[in-house]
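Here are my notes for a colleague who is opening this structure for the first time. Please keep the viewer open while reading.

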Amino acid sequence: MTTFAIEGGCTCGKVRYRMTSPPLIVHCCHCRWCQRDGGASFALNAMIEADRVELLCGEPEIIVTPSLSGKGQKIARCPKCRIAVWSNYAGSGDRFRFVRVGTLDTPDALPPDVHIFTMSKQPWVVLPPDMLIVEEFYDREKVWPAASLARWRSARSTGAG
């Protein structure tokens, strides 16, 4: 693995973290749940193994919110400024974090790999023609690079979550 480290945190600086490797994939999600949760037209999340996100300072507060699956979503928020820094979805468990790309110090370093749930995207959002765009979700085996699939399989076979 090549050297990689990118840091981020909340607005007030109480919670800071470091991603120690590139993410498995970066989703730009246009579902209504993400639109509502973020108060914007989409959410940009970098999926990464939880053990590759180092907490540098502070301790986020975990808030469980409803989700379309009915199993809920754990959102890690700064207890002071309430900014969400990452989420854990029930389907992926605690082994994977969906880091909010907008909380990175250099969010432009992680553009989306795929636009998902575009069936509910805002009509005025124009997506680049050369991007992978799906109406709902996708087949991981067909979309992810081999290295990301290997990491995902390894993380799912070990640890708790």
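1. The largest pocket holds about 840 Å³ of space. It has 34 lining residues, and C29, C31, S67, Y89 and F117 are the closest to its centre. A pocket here is an open set of points on a 1 Å grid over the protein atoms alone, where a 1.4 Å probe fits, with protein on both sides within 12 Å along at least five of seven lines; lining residues have an atom within 4 Å of a point. Volume is the space filled by probe spheres set on the points, with grid points joined across faces, edges and corners.

2. A word on the source. This is a predicted model, in which local features need pLDDT of at least 70 and side-chain atom pairs count only at pLDDT 80 or more, while totals for chains, interfaces and linings use all residues. Residues are numbered from 1 along each chain as its sequence is written, and side-chain values use heavy atoms, with hydrogens and water left out.

3. Which elements build the lining of the largest pocket? At least two residues each come from β3 (25-29), α1 (32-38), β4, β9 (96-100) and α3 (146-157). α1 gives the most, with five residues. Helices (H or I, at least four residues) and strands (E, at least two) are DSSP runs, numbered from the N terminus. By class, the lining of the largest pocket has 17 nonpolar, 10 polar and seven charged residues. Ala, Val, Leu, Ile, Met, Phe, Trp, Tyr, Cys and Pro count as nonpolar, Asp, Glu, Lys and Arg as charged, and the others, Gly among them, as polar.

4. Next, the second largest pocket. Its space is about 290 Å³. Of its 18 lining residues, G38, A43, L44, R100 and G102 are the closest to the centre. α1 and β4 each supply at least two residues of this lining. Nine of the lining residues are nonpolar, six are polar and three are charged.

5. Look at N45 in strand β4 (residues 43-49). Is N45 buried or exposed? N45 counts as buried because its relative accessibility is 4%. The cut-offs are under 20% relative accessible area for buried and over 50% for exposed, with partly exposed in between (1.4 Å probe, protein chains only). Leaving aside neighbours within four places in sequence, N45 is in contact (heavy atoms within 4.5 Å) with I25, V26, H27, Y89, F98, V99, R100 and V101.

6. Check two backbone angles. F117 is not a glycine, yet it has a positive phi of about 50 degrees. F117 sits in the loop between β10 (114-116) and β11 (132-133). With a relative accessible area of 23%, F117 is partly exposed. R82 is not a glycine either, and its phi is positive at about 70 degrees. The loop between β7 (73-77) and β8 (84-89) holds R82. R82 counts as partly exposed, at 35% relative accessibility.

7. Finally, an open sheet. Three strands run in the order β1-β2-β5, with antiparallel pairing. Strands pair if DSSP finds at least two bridges between them. β1 (6-9) and β5 (53-57) are the edges, each with a single partner strand, so one side of each has no neighbour in the sheet. Four bridges join β1 to β2, and I6 has M19 in β2 as its bridge partner. Four bridges also join β2 (residues 16-19) to β5, where R16 stands opposite C57. The hairpin of β1 and β2 has six residues between the strands, and G13 in the turn has a positive phi of about 90 degrees.
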